[in-house]
Amino acid sequence: MDKNRYEVIIIGSGFGGIATAIKLQEAGIHDYVILERAPEPGGTWWQNTYPGAAVDVQSPLYCLKHEPYDWSRMFALQPEILAYTNHLLDKHRLRNKIQCNQEVTAATYDEQKHCWQVATASDRLFTAPVLVNASGILSQPAIPDIPGRQQFQGASFHTSQWNHDFDYKGKRVAVIGTGASAVQVVPAIAPQVAQLYVLQRTPHWLLPRPDRVIPKWERQLYKKVPLVQRLVREWLYWKLEARMIAFKGNQAALRFFRNKALRYIKKQVKDPALRQKLTPDFMLGCKRVLLSNDYYPALQRENVRLVTGGIERITPTGIQTKQGEHLEVDLIVWATGFHAAEDNIPYPVRGRQGLLLQDYWQDGAHAYIGTAIPHFPNFFILAGPNTGIGHTSALHIIESQLNYVMDVLLKMRQYGWQSIEVKEEIEQIYNQWVQEKMQKTVWQTGGCHSWYQTADGKNTTLYPTYSFLFRKATARMKEADHLVE
Ligand code: NAP
């Protein structure tokens, strides 16, 4: 018997992979494997260990719906989120289903055998009729090709590849980029470094982070009366969901949040020149809104300087700015984000007649409910095209997608279907709707370019309306919209 043959292959052991495995087991499907390229499971929360790494969605909402957790604070730090994923792995006995150090190099559909062949870098081949990609949208670090980058003789790494062997204490450090990762790293390392330069290309809108320690009595209450925690989660969900009113382009709501952010800069930043440098000229929401209580104070420390004029080149000893200044540094931290809008499945996927997914997506990624793609039977993507969410928990989306995926899998079993794929016209109609809805959102009209978009400005990452509508759209598989064999 071929030991590498399964009913389902899952790629990635982050929240998407773990949630899929739990659902499969609940449905009585135990013949599956999770392939993970890292040496340990956990996905993004195993990978991102930079100082200050934390979630920016309230923890009671940033967990699987039926898997509440005893969170110690409202916005959990990375170690606690990783502990939660480990708790899920142990509770559901998933560890022996995960094969680590298995970087997928290709996935190819065999039309004769109706199954996927998944090759890994260690020369192993796994086969299964069903393939679930849960490799995550933010897993490919983007490091810009600034001239001279290769010549730098100090230490340098991306936020998601933090080198803990390098001791940054007392060193001169440059952080390039001022997005969600940077606003967490900067305050975390600022008190410990000798000098910190924060290189900002574009200021981002930032709001206070309503973080707090969850006191013992409250945690006890949640344990004793789980309904209370469920109600808190529900309340948080609807509170965050209301933000979508602004992102959908409601001007009054956008003004409300913009004024709040402006008041916050005014309150936290005393120097008008610095304030001006930190004030974006695009609409709030166009790029991801950042949450931080300590980023602006960190920038005003004696040993920290915001540098805004642009980078000319990297030199062997530092950074040459466009203003002609040379910043001597020992460490460059690339807080420059990820390849998300393009190239976010990190291996070639070949469907019917050898069609390459990356070719099928040459004008930007698209999928039916962000999950299924014509010509790629029995293949599902979690956190796929246009499923991103800037205002609430990404886990809400993953769990919604899994309702559809599980409905498909159970019907495949029930009716003995060998393959199923969404009809091309259905996928096209769906994506026309997505892009039409998108045109009115602040992400398209807000006057910025963001990682949500391809180089041509097409938003291939975000869902353009309320997340409860996504839950509704993914509730079940509509047979008439699919081709089955
Ligand atoms: P990001 O938001 O894409 O920010 C990248 C930063 O690098 C931006 O400031 C960008 O400037 C800058 N940059 C890119 N290329 C540059 C260049 N050539 N020269 C100078 N600056 C350059 O990346 P991120 O901070 O890693 O965050 C990505 C996403 O990950 C977030 O939006 C969020 O969804 C997720 N995330 C979540 C959390 C959390 O839950 N707490 C934490 C971290 C990340 P421009 O704005 O000018 O392009």
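Predicted model: local features only at pLDDT ≥ 70, side-chain atom pairs only at ≥ 80, totals over all residues.

Visitor: How does the contact of H5 with H6 divide by class?

Guide: Two charged residues and one polar residue take part in the contact of H5 with H6. The nonpolar residues in this contact number five.

Visitor: Are H5 and H6 roughly parallel or roughly perpendicular to each other?

Guide: The axes of H5 (residues 216-224) and H6 (residues 226-241) come within 4 Å and cross at roughly 105°. Angles of 65 to 115 degrees count as roughly perpendicular. The two helices, H5 and H6, are therefore roughly perpendicular.

Visitor: How many residues surround the ligand, and which are the closest?

Guide: The shell around the ligand comprises ten nonpolar, nine polar and four charged residues. In total, 23 residues surround the ligand, the closest being Ala54, Thr178, Ser181, Thr202 and Lys287.

Visitor: Which residue places a polar side-chain atom 2.9 Å from an oxygen atom of the ligand?

Guide: Thr178 has a backbone N or O atom 2.9 Å from a ligand oxygen atom, and Ser181 has a backbone N or O atom 2.7 Å from a ligand oxygen atom. The polar side-chain atom at 2.9 Å belongs to Arg201.

Visitor: What percentage of the area that the ligand exposes when taken alone does the protein bury?

Guide: Taken alone, the ligand exposes 900 Å². Of that area, the protein buries 85%.

Notes. Residues numbered from 1 in each chain as written. Heavy atoms only, no water. Near = heavy atom within 4 Å. Polar contact = N/O pair within 3.5 Å; in protein donor to acceptor, adjacent residues only side chain to side chain. Areas by Shrake-Rupley, 256 points an atom, 1.4 Å probe, with all protein chains shown as cover. Nonpolar A, V, L, I, M, F, W, Y, C, P; charged D, E, K, R; others polar. Axes fitted to C-alpha atoms, helices over the stretch in contact; angles between N-to-C directions. Parallel < 35°, antiparallel > 145°, perpendicular 65-115°, else oblique.
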